[in-house]
Amino acid sequence: RVAWAPDPLDAFCNRCAQTVGLGEDDEFGCAKCRGKRLAWSRAVRLGAFQGDLASWIKEVKFARNATLGVDLGRLLATRLIEAGATRLPGGRVCVVPVAMSRRDRIFRGVDHARCVAEGVAKGLGAPLAMALVRRHGPSQRAMPSATARERNVKRAFRPAPGVDLRGWTVVLVDDVVTTGATMR
């Protein structure tokens with residue numbers, strides 16, 4: 001029996017997803033992101049990367065448990081709906097996983113962000129769009145600092161050929177956000 005539950009929506013900043021205390025954020029963000037220009041309009045998470053949630057994410061990533069990834073994605077879809085993150089003008093929502101390099105997909109045997117994104121897409125009743133391509137490079141986990149993480153992913157992603165998401169609200173899905181470098 002597991003006692004874990006998703007974080008309450010007021011436990012994290014709705015702009016950068018960092019943990020905040022009561023009254024530490026508002027519609028303009030928290031102390032960490034307020035005044036910064038972000039490439040996205042809203043961040044929603046299941047919880048901090050610790051305890052049971054961290055174990056489950058590692059199981060998806062390293063034990064190739066794709067089913068668990070989809071289940072976590074469905075739970076994240078529920079959180080997105082509760083947070084109102086999908087009620088946007090136009091109503092055309094698609095789900096895009098953060099791309100993994102072809103080499104890493106072969107090595108790992110699972111595309112963990114895609115598994116989670118598939119669950120989100122199913123939970124939202126939205127299409128899954130493989131809209132990003134990633135060149136192979138060092139793992140973000142190997143980077144010693146936020147600056148190194150920024151440099152590591154700079155120009156790592158490009159749009160997938162033939163994908164046009166103009167007019168769509170994009171729900172970008174990754175398994176973990178540490179510094180936000182990959183999301184940017």
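A: Helix 2, residues 66-82, has 17 residues and spans 25 Å from its first C-alpha to its last, close to the 24 Å expected at 1.5 Å a residue. The model described here is predicted. Within helix 2, the buried residues are Leu68, Gly69, Val70, Leu72, Gly73, Leu76, Ala77, Arg79 and Leu80. These buried residues pack against helix 1 (51-62), helix 4 and strand 6.

In the loop between helix 1 and helix 2 lies Arg64, which has a positive phi of about 60 degrees although it is not a glycine. Just after helix 2, Gly84 also takes a positive phi, of about 75 degrees.

Next comes the core. In the largest nonpolar core, which has 22 residues, Val95 and Val120 touch the most other members. Helix 1, helix 2, strand 3, helix 4 and strand 6 are the elements that give two or more residues to this core. Helix 2 supplies the largest share, five residues. In soluble globular proteins, nonpolar side chains tend to be buried together.

Leaving out residues up to four places away in sequence, Val120 touches Gly73, Arg74, Leu76, Ala77, Leu80, Val95, Val171 and Val173. Among these contacts of Val120, Gly73, Leu76, Ala77 and Leu80 are buried residues of helix 2. A second, separate core has six residues, including Cys13, Val20, Cys33 and Leu38.

In strand 3 (residues 93-97), five of the five residues are buried. Val93, Val95 and Pro97 lie on one side and Cys94 and Val96 on the other, so both faces of strand 3 are covered, each of these residues being under 20% relative accessible area. Strand 3 pairs with strand 6 (residues 169-173) in the parallel sense, over five bridges. Within this pairing, Val95 stands opposite Val171, and the bridge partner of Cys94 is Val170.

His112 has a relative accessible area of 8%, so it is buried. Not counting residues up to four places away in sequence, His112 touches Val60, Lys61, Met100 and Asp175.

The chain then continues past helix 4. Ala126 lies in the loop between helix 4 and strand 4 (132-134). Because its relative accessible area is 14%, Ala126 counts as buried. With neighbours within four places in sequence set aside, Ala126 is in contact with Val93, Cys94, Val95 and Ala121. Ala126 and Val93 are 33 residues apart along the chain, yet their C-alpha atoms are separated by 6.1 Å.

Terms used. Residues numbered from 1 in each chain as written. Predicted model: local features only at pLDDT ≥ 70, side-chain atom pairs only at ≥ 80, totals over all residues. Heavy atoms only, no water. Buried < 20%, exposed > 50% of the residue type's maximum accessible area, 1.4 Å probe, protein only. Contact = heavy atoms within 4.5 Å. Helix = DSSP H or I, 4+ residues; strand = E, 2+ residues; numbered from the N terminus. Pairing = 2+ DSSP bridges. Expected span 1.5 Å × (residues − 1). Core = buried A, V, L, I, M, F, W, Y, C linked by side-chain atoms within 4.5 Å.
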